[in-house]
Amino acid sequence: MIYGRCAACKSQRRRCPSDCIFSPYFPANNPQRFASVHKIYGGGNVGKMLQQLPHYVREQAANTLYLEAQCRIQNPVYGCVGIISKLYQQIHDTEAELAKIQTQIACHKLQNQQYEAGSNFNLLPPQSSSMEQFQWPNQTPNWFN
């Protein structure tokens with residue numbers, strides 16, 4: 001047996017029956033939870049929705065109704081859709097940033113590969129830069145004779 005009334009029964013100023021549909025989901029110690037849901041959906045509608053659902057999903061439904069009511073109170077025009085839109089925009093922005101970073105990484109890898117390939121040409125033994133390596137023919141053409 002429940003001692004006292006649940007938040008819904010207190011709000012509606014009625015006696016809380018032992019099989020109250022609201023009491024498991026809207027406890028007396030959290031009256032704001034039911035007040036938010038009642039403001040958006042109405043107490044009777046919430047009761048009908050909960051009664052139509054199987055017992056194992058009622059808690060999740062009550063939590064969802066509360067969340068959606070809070071969103072609607074905070075943003076009367078868009079409610080939850082506003083939050084969902086912001087999250088989709090964040091996902092889109094993050095994906096674009098990720099693609100940009102992946103492109104930068106690919107460019108850096110390509111530059112490193114080109115640098116390493118260029119440094120392989122320097123593996124040949126160094127040659128002398130003195131003039132001794134050049135041999136002039138013994139006979140020079142006689143252009144001015």
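Predicted model: local features only at pLDDT ≥ 70, side-chain atom pairs only at ≥ 80, totals over all residues.
How are α3 and α4 oriented relative to each other, roughly parallel or roughly antiparallel? The axes of helix α3, residues 43-52, and helix α4, residues 55-74, come within 9 Å and cross at roughly 150°. Since angles over 145 degrees count as roughly antiparallel, α3 and α4 are therefore roughly antiparallel to each other. The crossing in which α3 passes α4 is right-handed.

As for who makes that contact, α3 contributes Val46, Met49, Leu50 and Gln51, while α4 contributes Arg58, Ala61, Ala62 and Leu65. Sorted by class, the residues in the contact of α3 with α4 are six nonpolar, one polar and one charged.

Let me step back to the chain as a whole before going on. There are five helices and zero strands, so that reading along the sequence gives the pattern α-α-α-α-α. The chain has 145 residues, of which 19% count as buried. If we take the contacts between residues at least 6 apart in sequence, 42% of them join residues that are at least 24 apart.

Now to the other helix pair I want to discuss, α2 with α3. Their axes come within 7 Å and cross at roughly 100°, an angle that falls in the range from 65 to 115 degrees, and α2 and α3 are therefore roughly perpendicular to each other. On the α2 side the contact is made by Phe34, Val37, His38 and Tyr41, and on the α3 side by Gly43, Asn45, Val46 and Met49. Here the division by class is five nonpolar, three polar and no charged residues.

A search of the whole structure finds three aromatic pairs, and I will describe two of them. In general, a pair of aromatic rings is described by the distance of the centres and the angle of the planes. Phe22 and Phe34 form an edge-to-face pair, with 5.5 Å from centre to centre and 70° between the planes. Because Phe22 lies in the loop between α1 and α2 whereas Phe34 lies in helix α2, this pair ties together parts that are twelve residues apart in sequence. Phe22 counts as buried because its relative accessibility is 4%, and Phe34 counts as buried because its value is 0%, given that buried means under 20%.

The second pair, Phe26 with Phe34, is likewise described as edge-to-face, at 5.4 Å centre to centre and with 75° between the planes. Both Phe26 and Phe34 are buried.

My last point concerns the backbone. Most residues other than glycine have a negative phi. Arg13 is placed in the loop between α1, residues 7-11, and α2, residues 31-41. Is Arg13 buried or exposed? Arg13 is exposed, because its relative accessible area is 75%, and exposed means over 50%.

Definitions and conventions:
Residues numbered from 1 in each chain as written. Heavy atoms only, no water. Helix = DSSP H or I, 4+ residues; strand = E, 2+ residues; numbered from the N terminus. Buried < 20%, exposed > 50% of the residue type's maximum accessible area, 1.4 Å probe, protein only. Axes fitted to C-alpha atoms, helices over the stretch in contact; angles between N-to-C directions. Parallel < 35°, antiparallel > 145°, perpendicular 65-115°, else oblique. Left-handed = near helix turned anticlockwise from the far one by under 90°. Contact = heavy atoms within 4.5 Å. Nonpolar A, V, L, I, M, F, W, Y, C, P; charged D, E, K, R; others polar. Phe/Tyr/Trp six-rings, centres within 6.5 Å; stacked < 30°, edge-to-face > 60°.
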